[in-house]
Amino acid sequence: MVSSPEGAPAGPATPGTGVPPQETTGSPARRLLGVPRQRRRPARTGSGPDAAARDAGTLAFVESPVQLLNVLEWAYTAKATALTVVVLSPHDPMTRGQLRRMAELARDEGHTVRWEEARGGPTAPMRTVGGLTPLLRRARRIVIGDPFSRYVQLLLTLTRARDLVVVDDGTATMEFISQLAHGERLVRWHRNGSGRGARDLVFAPFSATARRRLTPEPEGGRRTVGLFSSMPVEAPPGVEVTPNDFAWTRVRFGPPRLTRAADIVGTSLVETGVVDADRYLAAVGTLARTHGATRYFAHRKESAEKLRRLVAETGLEIVRPDLPLELIARRGPIGRLIVSFPSTVVHTLPLALRGTEVKVAVCDIDPEWLTAHASPRAQGFLDGVTGTARDVQRLPFTPRVAAG
């Protein structure tokens with residue numbers, strides 16, 4: 001069975017405006033009880049004409065729902081009341097749907113949302129960059145969610161902003177900080193090979209410029225670089241780190257109603273070519289039987305074919321959330337135990353669910369599950385994600401899990 005929570009309908013819009021287009025991804029099954037409803041917002045300190053004028057010069061770029069969630073968390077912590085959020089919309093329908101719902105929440109917070117069909121054809125990048133250039137020239141502060149994005153790296157070369165802030169893009173933040181500290185090229189951890197194809201070579205000058213912009217200046221410099229993160233990172237000297245404890249999520253939503261069964265959180269490790277599909281499905285089935293799980297919260301990038309196999313082989317109910325899992329879990333209903341593989345949520349869910357009785361457990365990835373195409377860095381990175389998670393129960397690999 002597949003559940004897919006629906007967002008509120010949105011009207012038609014043109015690229016570059018504040019209302020994203022409605023997605024058509026098929027008729028969803030029953031609505032999942034647990035799509036967050038916001039509480040009444042309390043008065044915020046630091047607001048008023050002066051603060052609004054200051055924050056009007058803040059420009060945020062996001063390409064995923066988690067990035068937008070973390071921009072809202074940053075804005076709440078920084079008391080930024082009037083920033084402009086630019087959504088560089090991807091193609092994937094599930095990602096677009098979640099972004100649409102997150103954009104509604106951002107507008108509810110008083111922020112301006114500019115939806116860009118940044119990948120809508122061969123001329124879209126030129127049109128998008130041209131339309132954003134005036135905003136980039138005026139911005140005093142830039143907030144980005146994905147420093148690995150070529151789009152974002154290109155846009156960083158066009159701004160004169162002296163304040164740069166990086167918010168979490170999940171566990172990729174850990175790899176970004178490591179590469180920044182060692183002066184390495186910005187390359188996603190799951191990419192295999194040298195990363196020196198024709199497109200990489202053409203884009204290399206923009207990437208190098210962006211990396212310099214993201215590198216803090218010596219003490220006393222005019223440019224600042226900040227990191228807003230819930231990840232366990234050791235930032236290089238000069239990068240100011242602000243912890244993200246999901247205060248906005250906890251204030252706005254919940255607490256959740258808890259169910260008796262466990263829930264499993266899916267990952268896209270199969271889709272990215274890191275983990276073998278058969279091994280993954282066998283492990284999910286074993287975890288479901290061992291912990292009494294009934295629902296599987298699918299990652300937005302998981303393929304429909306894999307999810308159909310999972311239903312047939314495990315009997316789990318597949319839930320496709322229309323918002324990041326931190327918000328869905330905070331509102332509930334949610335299981336008293338949430339089981340995940342190494343992923344962002346083993347770091348974020350304990351924070352979002354602080355003060356509740358929900359426990360989060362993480363199952364290690366055995367090296368034998370990795371595909372021949374997996375990056376040589378994959379096992380070490382996944383082990384690091386699991387080993388640094390706080391307030392979670394460890395479920396180490398066992399032969400029983402391997403066998404399914």
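Two strands pair if DSSP finds at least two bridges between them. The exercises below apply this to a predicted model.

**Exercise 1.** Determine how strand E3 pairs with strand E2, and name the residue that stands opposite Val 85.

*Solution.* 
Step 1. Strand E2 comprises residues 58–62, and strand E3 comprises residues 84–88.
Step 2. Four bridges join E2 to E3. The cut-off is at least two bridges, so the strands count as paired; the two run parallel.
Step 3. Within this pairing, Ala 60 stands opposite Val 85 in E3.

**Exercise 2.** Describe how strand E3 pairs with strand E4, and state the handedness of the crossover between them.

*Solution.* 
Step 1. E4 covers residues 112–116, and its pairing with E3 is parallel, over five bridges.
Step 2. Val 85 stands opposite Val 113 in E4.
Step 3. The path from E3 to E4 leads through helix H3 (residues 93–108), and this β-α-β crossover is right-handed.

**Exercise 3.** Decide whether the residues of E3 are buried or exposed, and which way they point.

*Solution.* 
Step 1. Five of the five residues of E3 are buried, and the strand is thus described as mostly covered.
Step 2. Thr 84, Val 86 and Leu 88 point one way from the strand, whereas Val 85 and Val 87 point the other way.
Step 3. Residues on both sides are buried.

**Exercise 4.** Classify the aromatic pairs that Phe 341 forms with Tyr 280 and with Trp 369.

*Solution.* 
Step 1. A pair of aromatic rings is described by the distance of the centres and the angle of the planes. The search of the whole structure finds four aromatic pairs.
Step 2. For Tyr 280 and Phe 341, the centres are 5.0 Å apart and the planes are at 40°, and the pair is tilted. Tyr 280 belongs to helix H9 (residues 277–291) and Phe 341 to the loop between strand E14 (337–340) and helix H12 (345–352), so the pair ties together parts 61 residues apart in sequence.
Step 3. For Phe 341 and Trp 369, the centres lie 6.3 Å apart with the planes at 75°, so this pair is edge-to-face. It links parts of the chain 28 residues apart, as Trp 369 lies in the loop between strand E15 (359–363) and helix H13 (378–387).
Step 4. Tyr 280 is buried. Phe 341 is buried with a relative accessible area of 1%, and Trp 369 is buried with 0%.
Step 5. Tyr 280, Phe 341 and Trp 369 form one aromatic cluster.

Technical notes:
Residues are numbered from 1 along each chain as its sequence is written. This is a predicted model: local features need pLDDT of at least 70, side-chain atom pairs count only at pLDDT 80 or more; totals for chains, interfaces and linings use all residues. Side-chain values use heavy atoms; hydrogens and water are left out. Rings of Phe, Tyr and Trp (its six-membered ring) pair if their centres lie within 6.5 Å; planes under 30 degrees apart count as stacked, over 60 as edge-to-face and the rest as tilted. Buried means under 20% relative accessible area, exposed over 50%, partly exposed in between (1.4 Å probe, protein chains only). A crossover is right-handed if, with the strands pointing away from the viewer, the path from the first strand over the helix to the second runs clockwise.
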